[in-house]
Amino acid sequence: MRVLADRFGRVATDLRVSLTDRCNLRCSYCMPAEGLDWLPGEEVLTDDEVIRLITIGVDLLGVREIRFTGGEPLVRCGLVDIVRRTRLAAPDVELSMTTNALGLARTAAALADAGLNRVNVSLDSIRPETFAEITRRDRLPDVLAGIAAARDAGLRPVKLNAVLMRGLNDKQAPELLRWALSEGHQLRFIEQMPLDAQHRWSRTEMVEADEILERLEEEFTLTPAAEPRGSAPAELFLVDGGPATVGVIASVTRPFCGDCDRVRLTADGTLRNCLFAREESDLRTPLRNGATDDEIADRWVVAMSGKRAGHGIDDPKFLQPDRPMSAIGG
Ligand code: SAM
Ligand code: SF4
């Protein structure tokens, strides 16, 4: 079997598949209030094309983990069927989804039945007014219902992702953790990255991992968890001696690029070997022009070999990628 190796000895086995660039929230660290120019329908991979590329990744290229993302994957028509077909094509892979959980209350059981293992849910505040301020939609009750439904459907552990923004929810870190612990969910704080469509990210304004930990330590005792981090981006800490943990994903201040095992497929069928890559490789055109599985796999291998050593956010010459996080697939 080929492997998705790069020049620095890393091998990608974790495939992030964006199913749509559309979303029903407007998180201010992600996109503007008016939304974005969504991809035209004909440019988005069809269900059959998604399944074919996933099958090539698993059968020919050593992909072991698949995460559906977006935009918001729950707004993709036919999501349950895509999950079911992925599970049939790849019975042994770990299958998860990153979602804002809007509407998950209705579909969690069907997704679990179709073969989804887990969900990661974005939740930046449990105060309705702060949630509405960040996401520009007053939908916290729906999100909480979706999270509960995921847990009840066995999509466990539910991991919660929170981005802290100065002056908005940064002081709410301890209360968010207290709530997550009481509900039995695993909370991880993600440093805000320069991937917003508005290009408003500021290195000096962002809330760094050290500050997140300081805020949490005002109310909790945190000790580094012993388990090795491996390629997982979250640094885990035992809360008050454990066994509960909290994670910090310090993509900016403590980059983990050296252990990265990811590759991303956008909703319009291009490969990105890094969130911050400035180059993309088009798989949709050869796919639609009749390329064989082997030809597509070879193209994929070449795309991965060019992966850069790191994202270089702290480099003065750093340039934010043209596509925002929601169009790449977070
Ligand atoms: N809509 C889904 C959701 O929100 O979970 C999936 C897509 S979203 C782009 C994936 C993840 O990226 C979310 O956890 C979100 O919080 C995170 N995200 C979006 N923009 C970000 C940014 N500028 N910096 C850090 N994380 C970001
Ligand atoms: Fe939508 Fe997720 Fe971006 Fe929020 S972070 S606007 S939920 S894609």
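How close do the axes of helix H2 and helix H3 come, and at roughly what angle do they cross? They come within 8 Å and cross at roughly 20 degrees, with H2 covering residues 79–89 and H3 covering residues 104–114. Helices (H or I, at least four residues) are DSSP runs, numbered from the N terminus, and axes are lines fitted to C-alpha atoms over the stretch in contact, with angles running from 0 to 180 degrees between N-to-C directions.

This is a predicted model, where local features need pLDDT of at least 70 and side-chain atom pairs count only at pLDDT 80 or more. Residues are numbered from 1 along each chain, and ligands are numbered from 1 in the order in which they are written.

**H2 and H3**
- On the H2 side, the contact (heavy atoms within 4.5 Å) is made by Leu79, Val80, Val83, Arg84 and Arg87.
- H3 brings Ala110, Leu111, Asp113 and Ala114 to that contact.
- Sorted by class, these residues are six nonpolar, no polar and three charged. Here Ala, Val, Leu, Ile, Met, Phe, Trp, Tyr, Cys and Pro count as nonpolar, Asp, Glu, Lys and Arg as charged, and the others, Gly among them, as polar.

**H1 and its partners**
- H1 (residues 47–61) and H9 (residues 293–305) have axes that come within 10 Å and cross at roughly 75 degrees.
- So H1 is roughly perpendicular to H9, the label for 65 to 115 degrees.
- Among the residues that meet there are Ile56 and Leu60 in H1 and Ile296 and Trp300 in H9.
- The H1–H9 contact divides into eight nonpolar, one polar and three charged residues.
- With H2, the axis of H1 comes within 10 Å and crosses at roughly 25 degrees, so H1 is roughly parallel to H2.
- Where H1 meets H2, the residues include Ile51 and Ile54 in H1 and Ile82 and Arg85 in H2.

**The two ligands**
- Ligand 1 has 17 residues around it (each with a heavy atom within 4 Å), and the closest are Tyr29, Gly71, Glu72, Ser122 and Met193.
- A polar side-chain atom of Glu72 sits 3.1 Å from a nitrogen atom of ligand 1.
- Asn161 has a polar side-chain atom 3.4 Å from an oxygen atom of ligand 1.
- Around ligand 2 you'll find Cys23, Leu25, Cys27, Cys30, Met31, Gly71 and Asn100.
- That shell has five nonpolar, two polar and no charged residues.

Notes:
Side-chain values use heavy atoms; hydrogens and water are left out. Helices (H or I, at least four residues) and strands (E, at least two) are DSSP runs, numbered from the N terminus. A polar contact is a pair of N or O atoms within 3.5 Å; within protein, one must be able to donate a hydrogen and the other to accept it, and residues adjacent in sequence count only if both atoms are side-chain atoms. Angles under 35 degrees count as roughly parallel, over 145 as roughly antiparallel, 65 to 115 as roughly perpendicular and the rest as oblique.
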